[in-house]
Amino acid sequence: PYALRKKSKGDYRWKRWFHDTYVTTIVVVLFLLHPNITQVTFLMVTCKQVGFSSEKYLLADLTQKCYTASHMTWVFAVGMPMFVLYVVGIPLAGYLILHRNRHHLHKKHVMRLYSFLYKGYDLEKRYYWEMVVVMRKVWL
């Protein structure tokens, strides 16, 4: 049986390769989706005055009036958590991961996992700069 078999170095290498590939894929996908998630999050609070009426309507759905109980429920139940977890959380998590590994960014294993986030920047002083760029794009 497999459970009784002695584990070889090949098993460890395969698991490490799978883990590294999985982590790298998650990091890349999160950073590629970040602009879209940010846009959708801000659409939940973007209101526009339509016609000559003084009432504002949600830009994403012009049948929904802004600042009603229903709209505010969506803003606080979905919009605020999305803002904290995704819009701010993804770049913050990226920064924390890079900061925790800042002394090992030149090592092959760390490069394989996270070089997507710091390649092209000075490893000694500006390893976190991609997170600054991401947050700058959020505020534009």
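**Reading the model together**

Q: Let's begin with charges. Which residue forms a salt bridge with Lys65?

A: Glu55 does, and the closest N and O atoms are 3.3 Å apart. The term salt bridge stands for a side-chain nitrogen of Lys or Arg within 4 Å of a carboxyl oxygen of Asp or Glu. Bear in mind that this is a predicted model: local features need pLDDT of at least 70 and side-chain atom pairs count only at pLDDT 80 or more, while totals for chains, interfaces and linings use all residues. Residues are numbered from 1 along each chain as its sequence is written, and side-chain values use heavy atoms, with hydrogens and water left out.

Q: Which backbone oxygen lies 2.7 Å from a polar atom of the side chain of Thr41?

A: The general idea is the polar contact: a pair of N or O atoms within 3.5 Å, where within protein one must be able to donate a hydrogen and the other to accept it, and residues adjacent in sequence count only if both atoms are side-chain atoms. Here the oxygen belongs to Ile37. Thr41 is found in helix α1 and is buried, with a relative accessible area of 3%.

Q: Which residues does Thr41 touch, not counting those up to four places away in sequence?

A: Contact means heavy atoms within 4.5 Å. Thr41 touches Gly79, Met82, Phe83 and Val87. Gly79, Met82 and Val87 are among the buried residues of α2.

Q: Where in helix α2 does the kink lie?

A: A bend is the angle between axes fitted to the seven residues ending at a residue and the seven starting there. Helix α2 (residues 69-100) has a kink of about 55° at Gly89, shortly before the proline Pro91. Both Gly89 and Pro91 are buried.

Q: How many aromatic pairs does a search of the whole structure find?

A: Five. Rings of Phe, Tyr and Trp (its six-membered ring) pair if their centres lie within 6.5 Å; planes under 30 degrees apart count as stacked, over 60 as edge-to-face and the rest as tilted. Phe42 and Phe83 have ring centres 6.1 Å apart and planes at 65°, so they are edge-to-face. Phe42 lies in helix α1 and Phe83 in helix α2, so this pair ties together parts that are 41 residues apart in sequence. Tyr95 and Tyr128 are also edge-to-face, at 6.1 Å centre to centre and 75° between the planes. Tyr95 is in helix α2, while Tyr128 is in the loop between α3 and α4 (129-139). Tyr95, Tyr127, Tyr128 and Trp129 form one aromatic cluster.

Q: Finally, how many residues does the largest nonpolar core have?

A: A nonpolar core is a set of buried Ala, Val, Leu, Ile, Met, Phe, Trp, Tyr and Cys residues joined through side-chain atoms within 4.5 Å. The largest one has 14 residues, and those with the most contacts inside it include Leu98, Leu105 and Tyr118. Helices α1, α2, α3 and α4 each supply at least two residues, and α3 gives the most, with five. Leaving aside neighbours within four places in sequence, Tyr118 is in contact with Leu98, Leu105, Val110, Met111, Leu123 and Tyr127.

Definitions and conventions
Helix = DSSP H or I, 4+ residues; strand = E, 2+ residues; numbered from the N terminus. Buried < 20%, exposed > 50% of the residue type's maximum accessible area, 1.4 Å probe, protein only.
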